Amino acid sequence: MNNSNGSSFDFLLGDWKVRNRRLVERLSGCDEWEEFDAWQTNRALPGGIGNYDDFVADAWRPGYVGLSLRLFNPETGLWSIYWLDNKNGGLERSGTLLPPVVGKFDNGIGLFEGEDTFNGRAVRVRYTWSDVEGDRPRWEQSMSEDHGRTWEMNWSMVFEKRSRRQ
């Protein structure tokens, strides 16, 4: 994967059917999973500065829309990934964006981490991208309450390319 410009996420451009597997309750010892499909379209931002996608999962939560905004910093070679949705806009009460996860691809694996809160508790969040050179890229979200010593994987997605007519 190329880290010298904003092309690391080029594999994600286009239209996707996304198979989701999500832990029903996070960081509670829960082992019950829900599965659902979503639809996503990813588009490049101008000048190689990044990309964005929508996330629509009407069968899971009717009316819910999410959006990932991925911005590339050519000076550091790092990506910042922000999650936005129509629940809180992805904004702090002050109006600023919630903290991103930050990272890069190395040997075909993308690791992105950042600090966040979950149910009022400080957590570390990790996004992992894998299988990005194949036809079914995979994304996982994990959280840690102990500064990254242990992780709970709580959401995974497998992407399948689709044509606009599907």
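Predicted model: local features only at pLDDT ≥ 70, side-chain atom pairs only at ≥ 80, totals over all residues.
A residue counts as buried when its relative accessible area is under 20%. By that cut-off Asp-53, at 1% relative accessibility, is buried. The largest pocket has a volume of about 1100 Å³, and the structure holds 19 aromatic pairs.

**The largest pocket**

- Let us begin with the open space: rolling a probe the size of a water molecule over the atoms shows where empty space is left.
- The lining of the largest pocket is made up of 39 residues. Those nearest its centre are Arg-26, Trp-83, Asp-85, Asp-116 and Gln-141.
- Several strands give two or more residues to this lining: S3 (50-56), S4 (65-73), S5 (78-85), S7 (109-118), S8 (121-130), S9 (138-144) and S10 (152-161).
- By residue type, the lining of the pocket divides into 21 nonpolar, eight polar and ten charged residues.

**Asp-53 and its polar partners**

- Asp-53 has its place in strand S3, and its relative accessibility of 1% is under the 20% cut-off, so Asp-53 counts as buried.
- Which side chains make polar contacts with the side chain of Asp-53? One is that of Gln-40, at 3.2 Å, and another is that of Arg-70, at 2.7 Å.
- Leaving aside residues up to four places away in sequence, Asp-53 touches Leu-12, Gln-40, Thr-41, Asn-42, Gly-66, Leu-67, Ser-68 and Arg-70.

- Gln-40 lies in strand S2, which covers residues 33-44. With 3% relative accessibility, Gln-40 counts as buried.
- The C-alpha atoms of Gln-40 and Trp-16 are separated by 5.1 Å, although the two residues are 24 residues apart along the chain.
- Beyond four places in sequence, Gln-40 touches a list of residues that includes Leu-12, Trp-16, Val-18, Asp-53, Phe-55, Phe-159 and Arg-162.
- Asn-42 is also found in strand S2, and Asn-42 is buried, with a relative accessible area of 3%.
- A polar contact of 3.2 Å joins the side chain of Asn-42 to that of Asn-51.
- The residues that Asn-42 touches, not counting those up to four places away in sequence, are Leu-12, Leu-13, Gly-14, Asn-51, Tyr-52, Asp-53 and Arg-70.

**Aromatic pairs and a cluster**

- The structure holds 19 aromatic pairs. In one of them, Phe-55 and Trp-155 have ring centres 6.3 Å apart and planes at 75°, so this pair is edge-to-face.
- Phe-55 belongs to strand S3 and Trp-155 to strand S10, so their pairing ties together parts that are 100 residues apart in sequence. Phe-55 and Trp-155 are both buried.
- Trp-129 and Phe-159 make a tilted pair, 5.3 Å centre to centre with 40° between the planes.
- Since Trp-129 lies in strand S8 and Phe-159 in strand S10, this pair ties together parts that are 30 residues apart in sequence. Trp-129 and Phe-159 are both buried.
- Trp-129 and Phe-159 also belong to one aromatic cluster, together with Phe-9, Phe-11, Trp-16, Phe-72, Trp-79, Phe-105 and Phe-112.

**Residues in the loops**

- Most residues other than glycine have a negative phi, and most peptide bonds are trans.
- Leu-27 has a positive phi of about 50° although it is not a glycine. Its place is the loop between strand S1 (14-23) and S2.
- Is Leu-27 buried or exposed? Leu-27 is buried, because its relative accessible area of 15% is under 20%.
- Asn-119, also not a glycine, has a positive phi of about 50°. Asn-119 lies in the loop between S7 and S8 and is exposed, with a relative accessible area of 63%.
- Thr-76 sits in the loop between S4 and S5. With a relative accessible area of 48%, Thr-76 is partly exposed.
- The side chain of Thr-76 reaches the backbone nitrogen of Leu-78 at 3.2 Å.
- The C-alpha atoms of Thr-76 and Leu-23 are separated by 34 Å, and these two residues are 53 residues apart along the chain.

How values were computed: Residues numbered from 1 in each chain as written. Heavy atoms only, no water. 1 Å grid on protein atoms, 1.4 Å probe; cavity = no way out; pocket = protein on both sides within 12 Å on 5 of 7 lines; lining within 4 Å. Points joined across faces, edges and corners; volume = space filled by probe spheres on them. Helix = DSSP H or I, 4+ residues; strand = E, 2+ residues; numbered from the N terminus. Nonpolar A, V, L, I, M, F, W, Y, C, P; charged D, E, K, R; others polar. Buried < 20%, exposed > 50% of the residue type's maximum accessible area, 1.4 Å probe, protein only. Polar contact = N/O pair within 3.5 Å; in protein donor to acceptor, adjacent residues only side chain to side chain. Contact = heavy atoms within 4.5 Å. Phe/Tyr/Trp six-rings, centres within 6.5 Å; stacked < 30°, edge-to-face > 60°.
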